[in-house]
Amino acid sequence: MSSTLAGWLQALALVGALALCYRPLGDYIAHLLTSAKHLRVEKGLYKVVGVDGDADQRWPVYLRSVLAFSALSILFLYGLIRLQTHLFLSLGMPEMAPHQAWNTAISFTTNTNWQSYSGEAALGHLVQMAGLAVQNFVSAAVGIAIVAALIRGFTRNRTDRVGNFWVDLTRIVLRLLLPLSIVFALVLVANGVIQNFHGFHDLATLGGDTQSIPGGPVASQEVIKELGTNGGGFFNANSAHPFENPNGFTNWLEIFLLLVISFSLPRTFGKMVGDNRQGYAIVAVMALFWVASAALITFAESQHSGTALQAAGGAMEGKEQRFGIAASSLFAASTTLTSTGAVDSFHDSFTPFGGGITIFNMMLGEIAPGGTGSGLYGMLILAIVAVFVAGLMVGRTPEYLGKKLGGREMKFASLYILTTPALVLIGTGVAMALPGERAGMLNSGSHGFSEVLYAFTSASNNNGSAFAGITVNTPWYDTALGLCMVFGRFLPMVFVLALAGSLAQQQPVPATPGTLPTHKPLFVGLLSGVVLIVVGLTYFPALALGPIAEGLH
């Protein structure tokens, strides 16, 4: 079987699997977010932490709960990393520098999972399990909780309540992420992903030398790393490492896992607002961008111009021979269109246009389908902008799902859209203006600029992947990228929850013949156009200096 045919079959199987999961998983998530019943274990947890599971919160209280929980998570993880040499299962790992520990703690708490270290050479098993893996669960749950609050803003009327963060967090972890992780971790183990508590073993190679092979509880972290769109690898090579991703099936399964929840959440949205057609419209836009991105990256990486590319049948530099171009391109498109950041190939070695598309994917705001929760609330913000634009064109007050979009709502939406580009462009500009930080680039010229642009785009959008040539384990980069992760994660949440509170206080207005139908192909096209225009006008100059200039050179 040719690699091209294998790539097509993998993509078709992936589409089929995601389509099969769309309705049952989306409906199940909607049920757990709206059910009035609490499980016994949930009631016990609420009693321990002093939470009233039946009391809804106003949006400022909901926000304070999110920020307080995240702040405590950062402090706990920072302390765990700094003290790991004194803890059980540390494997003798050295103490991590303060600036790197700060960066790592923020990275995993914000669902970014940016790593400026080699996992197998920097962290022991206890930190990997009790620190990083735990944050993989709860940071993913926080994103879903935020979009749940926004959806309640559309469904509730004349109230200032948008749900209970502690209930949402608990249910998402216990009823959704944990059961799925257990099942698929067993599947990964059955297919060769390791799961043990071994340290390092010195083994003889075929050449007669000795190689030190690390072990660890990899499968249990690998599954939530993908399912929660986290991305941090147990090993430095991430999902290109055979212990994390042994074969073509596990590669396909990991792509499926990092997409399945985010692609199912539009169904949850449609179910909760009482109109499944709204979910179909949103998922259609997501699918259009995902298919286009995967196709364009595959095309760019399959070009045969040049002696080396002709001999290899495409741009194989930085790619695993086990997966080839098609599977690597599909993984690259999926991981940069979500907030996952896991990689089975190295984007720094992609062709200029192939690598440029991965940057563009993140600049879209990772909305196709995006991170768990964050992708859907990002797309809903853009849907609000699209409805507002349509209202301006016909001269009537814009409405979305029966809620009027006035100046207050549009200010929150505008601030949301402007936050991430400001972090990306300011951060990149400052880094390029400092000679010491420019020296961290492995390459000069356009590709070197792309390395810096990719780093700040990835951090600000909470993705976590990188153009691996850049050296970022410095106090300046660890601090600057850490700040981008914090502001890129939590400032948008402030605006989303404020918008949710504003919508929930409104009285719904009935649809009229002049109301824009937001479930038809016309709206799908309008929303797609708004996404492209917003990103194009914001980022085109930066892209022109980086991947576009390199590709046209």
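Tutor: Let's start with a term: a residue counts as buried when its relative accessible area is under 20%, and as exposed when that area is over 50%. Keep in mind that this is a predicted model.

Student: Is Ser502 buried or exposed?

Tutor: Ser502 lies in helix 18, which spans residues 475–504. Its relative accessible area is 4%. The cut-off for burial is under 20%, so Ser502 is buried.

Student: Which residues does Ser502 touch, not counting those up to four places away in sequence?

Tutor: Let's look beyond the local stretch of helix 18, where Ser502 is found. With residues up to four places away set aside, the partners of Ser502 are Arg408, Glu409 and Phe412.

Student: And Leu12, is that buried or exposed?

Tutor: Leu12 sits in helix 1, residues 3–34. Together with Leu5, Trp8 and Leu9, Leu12 makes a nonpolar surface patch of about 450 Å². The relative accessible area of Leu12 is 55% and the cut-off is over 50%, so Leu12 is exposed.

Student: Which residues is Ile282 in contact with, leaving aside neighbours within four places in sequence?

Tutor: Away from its sequence neighbours, Ile282 is in contact with Pro266, Phe269, Leu376, Met379, Leu380, Ala383, Tyr400 and Leu527.

How values were computed. Residues numbered from 1 in each chain as written. Predicted model: local features only at pLDDT ≥ 70, side-chain atom pairs only at ≥ 80, totals over all residues. Heavy atoms only, no water. Patch = residues over 30% accessible without salt bridge, like charges linked within 9 Å, V, L, I, M, F, W, Y side chains within 5 Å. Areas by Shrake-Rupley, 256 points an atom, 1.4 Å probe, with all protein chains shown as cover. Salt bridge = Lys/Arg side-chain N within 4 Å of Asp/Glu carboxyl O. Helix = DSSP H or I, 4+ residues; strand = E, 2+ residues; numbered from the N terminus. Buried < 20%, exposed > 50% of the residue type's maximum accessible area, 1.4 Å probe, protein only. Contact = heavy atoms within 4.5 Å.
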